[in-house]
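Have a look at the model first, then read on.

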Amino acid sequence: IGSLGDLDGDGVDDLAVGAPRSPRGSHSSDVGAVYVLLMQPDGGVKSYSKLGIPAAPGHAMGSSLAFVRSTAAGGGGELLVGSPGVENDVGAVRLVALSSDAT
């Protein structure tokens, strides 16, 4: 779980959640997924999106997350997503641009 700060500008901090053991399609497990949760003031989830990042079995995408806020107008930022199982466990980090609507 990683904080995204107030990604959508509503005054409430939002979250990124990695699910490295998540299956995808016909693949059984360890493909991984990353979700962006736009939060409500009471701690509930207002909305969420699953990021469409390519991954394959064993990649374990979402094992680590780090967010860098954009200083440009319109908000958003970049999310660094760790996948330790890429390239025979050498690993990889992907840089994913996020908009203020969590896409």
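Buried here means under 20% relative accessible area, exposed means over 50%, and partly exposed is what lies in between, with a 1.4 Å probe and protein chains only. By that rule Asp10, at 33% relative accessibility, counts as partly exposed.

This is a predicted model, in which local features need pLDDT of at least 70 and side-chain atom pairs count only at pLDDT 80 or more, while totals for chains, interfaces and linings use all residues. Residues are numbered from 1 along each chain as its sequence is written, and side-chain values use heavy atoms, with hydrogens and water left out.

**Salt bridges**

Take a salt bridge as a side-chain nitrogen of Lys or Arg within 4 Å of a carboxyl oxygen of Asp or Glu. The count then comes to three:

| Pair | N to O distance |
|---|---|
| Lys46 and Asp8 | 2.9 Å |
| Lys46 and Asp10 | 2.6 Å |
| Arg21 and Asp30 | 2.9 Å |

Asp8, Asp10 and Lys46 are linked in a network. What does the Lys46–Asp8 pair link? It joins distant parts of the chain, 38 residues apart: Lys46 sits in strand S4 (residues 45-50), and Asp8 in the loop between strand S1 (2-5) and strand S2 (14-18). Strands are DSSP runs (E, at least two residues), numbered from the N terminus. Lys46 is partly exposed at 42% relative accessible area, and so is Asp8 at 22%.

**The core**

A nonpolar core is a set of buried Ala, Val, Leu, Ile, Met, Phe, Trp, Tyr and Cys residues joined through side-chain atoms within 4.5 Å. The largest one has 14 residues, and Leu4, Val36 and Leu79 are among those with the most contacts inside it. Strands S3 (34-39), S6 (77-83) and S7 (92-98) each supply at least two of its residues, with S3 giving the most, three. Contact means heavy atoms within 4.5 Å. Beyond its neighbours within four places in sequence, Leu4 is in contact with residues including Val36, Phe67, Leu79 and Leu98.

**The surface patch**

In soluble globular proteins, nonpolar side chains tend to be buried together. Still, Val68, Leu80, Val93 and Leu95 form a nonpolar patch on the surface, with about 360 Å² of accessible area together. Leu95, in strand S7, is exposed at 59% relative accessible area. Such a patch takes residues with over 30% relative accessible area and no salt bridge, nonpolar side chains (Val, Leu, Ile, Met, Phe, Trp, Tyr) being joined within 5 Å. Areas come from the Shrake-Rupley method with a 1.4 Å probe.

Key
Helix = DSSP H or I, 4+ residues; strand = E, 2+ residues; numbered from the N terminus. Patch = residues over 30% accessible without salt bridge, like charges linked within 9 Å, V, L, I, M, F, W, Y side chains within 5 Å.
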